[in-house]
Amino acid sequence: MPLARSLSVTSLSGLEDWDEEFDLEDAVLFEIAWEVANKVGGIYTVIQTKARLTCEEWGENYFLVGPYVESNVRTQVELIEPCNAALRRTIDKMNSSGCKVYFGRWLIEGSPYVILLDVGFTAWSLDRWKSELWEKCSIGVPWFDREANDAVLFGFLTAWLLGEFAAQCDEPPHIVAHFHEWLAGLGLVLCRQRQLPVATIFTTHATLLGRYLCAGNVDFYNNLAEFNVDKEAGDRQIYHRYCLERAAARCAHVFTTVSQITAIEAEHLLKRKPDIVTPNGLNVKKFSAMHEFQNLHAQSKARIQEFVRGHFYGHLDFNLDKTVFLFIAGRYEFSNKGADIFLEALARLNYLLRVNHSEVTVIAFFIMPARTNNFNVETLKGQAVRKQLWDTAQTVKERFGKKLYESLLVGQLPDVSKMLDKEDFTIMKRAIFATQRQCLPPVCTHNMLEDSSDPILNCIRRIGLFNTSQDRVKVIFHPEFLSSTSPLLPMDYEEFVRGCHLGVFPSYYEPWGYTPAECTVMGIPSISTNLSGFGCFMEEHIADPSAYGIYILDRRYRGVDESCNQLTSFLFQFCQQSRRQRIIQRNRTERLSDLLDWRYLGRYYISARHMALAKAFPDTYIYEPQEPTSTTGFRYPRPASVPPSPAHSLHSSPHHSEAEDEEEPYDEDLEAEKDRVNIRQPINLPNRNKNHTVGLPEKI
């Protein structure tokens, strides 16, 4: 199915002639999501990272609306009194009517205002509101679905808040309400049903039905037009949720989604074509010198190597300097996230490395949270043995150093044979004996509660990757999110990613894909697919993604076995790269971070809000975007210098030396300058007056 171009094209230069100067002095923006100051999934990252740019655009007239979760508020929110008079009256009125509404600042970049609604406190109204929902919208919600019940409470409270705010304003305001995902979508439906003066936007980050269908091993993308959506939703007992999501998409003034691949999905499943695609961005920290992020990679890699030394004690028969670290991370969705195809590719890679007598060792980390009851004793013992060996080495070194110092003091060269005495050798022998191990290094770092039925562990048993000495591919399954306070692998996620060589995300269902995007801004190459929003975005903007360390796996037009072979080929090519080629590739990857900066991608959210204002208030706002053509997009050209991969090398011998690489032409500064001209300048938003509140709309 071809990707049709429309106004929703994600070409950055496609917005060059769009009107970005929009008078927002009398407009107020409410952004509503279940993940405001409440980390559940990727939407939290979207809202958190975008907040600074939105605050610069809207100033004091930007408010985030989310659920009140006491544990999160204690650590993330500073509760204060509203400075907006109309909003203060609105909150007081709601609190006096049986609600609990909190106001504060979210302690993140930009420090946006947040309005938090206590859903549990108004649970007494649930039956009444569900009856109203059925009478007005013909959507019934079963009593046993707690998440849907929360969505009903949150939706009615949101609509109440927006309606009350409009009523409390001295002059009619121009309100924009941006709703994220189905959990917040009911508020949008109620705004339209009650005919509130609100410009509404609905963004779906992943369709409910799409996620359920893909989890059920359905040939999803080839059958999008064939699904009976009502029956499929009913069979999976999510029909009421699907109705809420579809109603929000159909009722919104502007409907957006995060990628072209999800736009196609939404058009078939939600029966509306998105008006604009709003890709997800990140706040990119640029380094003043290229070597800075390379140094961070080296430091983080050294910490991972320390963990590996302990984990594989007694079986450390491979060279850590010739070891490549791969990882996959995210929600534990075995098929959707591509863990199944990754494991199969690792088994094939292991065979290729062995038959080619490669000196490279691959260690693949699986960072996917699952149910556990504690750390694996053998894993903890490994780190204890490593620390003990280190302490022993330090003790012997101090004794050796003292004798050397005393010998030099008296003006004599030391007798090396006497520098280490019998006690020193005894200490070292005892340490060596402690490293003996009767079992193989563990595959899983924790004790799994459902070991016998765990998909990753069962797949590892089937393919036989048990971390033996003969295996060139080792597997470590860490079923817990990384933390700098962990006694096992004390690193936070960002630090861990920086220390790895390649992120592998062969997802079958991935509406956007923050994990490969985070790899890119940190200068770490990654493997994505043409079924992920990130992969499609990069394919559109880069002539040869693999030259920049972005490998795009074809999972749309190839079968599983063909895709697995392609993934194996990518991994094997990566393992053949020299150290210098990997450094060059990381430099190129990091330069792509500009493409993913909110300073560039934020313009799509700006355009969506302008479009919504023009549709809801046509007498005040005019918005006429030009239709971008297929030639308005830009593409990074393929670099003409040193090849990033042996697959494209012109060496006559398959075993060329490192010295040959040094002779190949490569000018980092010149290549970076050429890439820089391909990116449009970022948005420069004027700082809004921090004391400005809603005023009288200007006549045009």
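## A buried histidine

His 311 has a relative accessibility of 1%, so it counts as buried. You will find His 311 in helix H11. Keep in mind as you explore that this is a predicted model.

Which residues does His 311 touch, leaving aside those up to four places away in sequence? They are Thr 379, Gln 383, Arg 437, Pro 441, Pro 442, Thr 445 and Ile 476.

## The chain as a whole

Now step back to the protein chain, which has 24 helices and 17 strands. Of its 700 residues, 58% count as buried.

Take the contacts between residues at least 6 apart in sequence: 76% of them join residues at least 24 apart.

## A link across the sequence

Asp 317 sits in the loop that runs between helix H11 (290-311) and strand E10 (323-329). Its relative accessibility is 44%, and therefore Asp 317 counts as partly exposed.

In sequence, Asp 317 and Ser 469 are 152 residues apart, yet in space their C-alpha atoms are 7.1 Å apart. The side chains of Asp 317 and Ser 469 are joined by a polar contact of 3.1 Å.

## Two helices that pack

Two packed helices are described by the angle between their axes and the distance between the axes. Here, helix H6 (residues 181-193) packs with helix H9 (residues 239-251) at an angle of about 50°, and their axes are 8 Å apart. That angle is why H6 counts as oblique to H9. The crossing of H6 and H9 is left-handed.

Which residues make the contact? From H6 come Trp 182, Gly 185, Leu 186, Leu 188, Val 189 and Arg 192. From H9 come Arg 241, Leu 244, Glu 245, Ala 247, Ala 248 and Cys 251. Sorted by kind, the residues of this contact are 8 nonpolar, 1 polar and 3 charged.

Most residues other than glycine have a negative phi. Let's meet two with a positive value. Ala 37 is not a glycine, and its phi is positive, near 50°. His 357 is not a glycine either, and has a positive phi of about 50°.

Where do they lie? Ala 37 is in the loop between strand E1 (27-32) and helix H1 (42-58). His 357 is in the loop between helix H12 (339-355) and strand E11 (361-367).

Are these residues buried or exposed? Ala 37 has 4% relative accessibility, so it counts as buried. His 357 has 69% relative accessibility, so it counts as exposed.

Methods
Residues numbered from 1 in each chain as written. Predicted model: local features only at pLDDT ≥ 70, side-chain atom pairs only at ≥ 80, totals over all residues. Heavy atoms only, no water. Axes fitted to C-alpha atoms, helices over the stretch in contact; angles between N-to-C directions. Helix = DSSP H or I, 4+ residues; strand = E, 2+ residues; numbered from the N terminus. Parallel < 35°, antiparallel > 145°, perpendicular 65-115°, else oblique. Left-handed = near helix turned anticlockwise from the far one by under 90°. Contact = heavy atoms within 4.5 Å. Nonpolar A, V, L, I, M, F, W, Y, C, P; charged D, E, K, R; others polar. Buried < 20%, exposed > 50% of the residue type's maximum accessible area, 1.4 Å probe, protein only. Polar contact = N/O pair within 3.5 Å; in protein donor to acceptor, adjacent residues only side chain to side chain.
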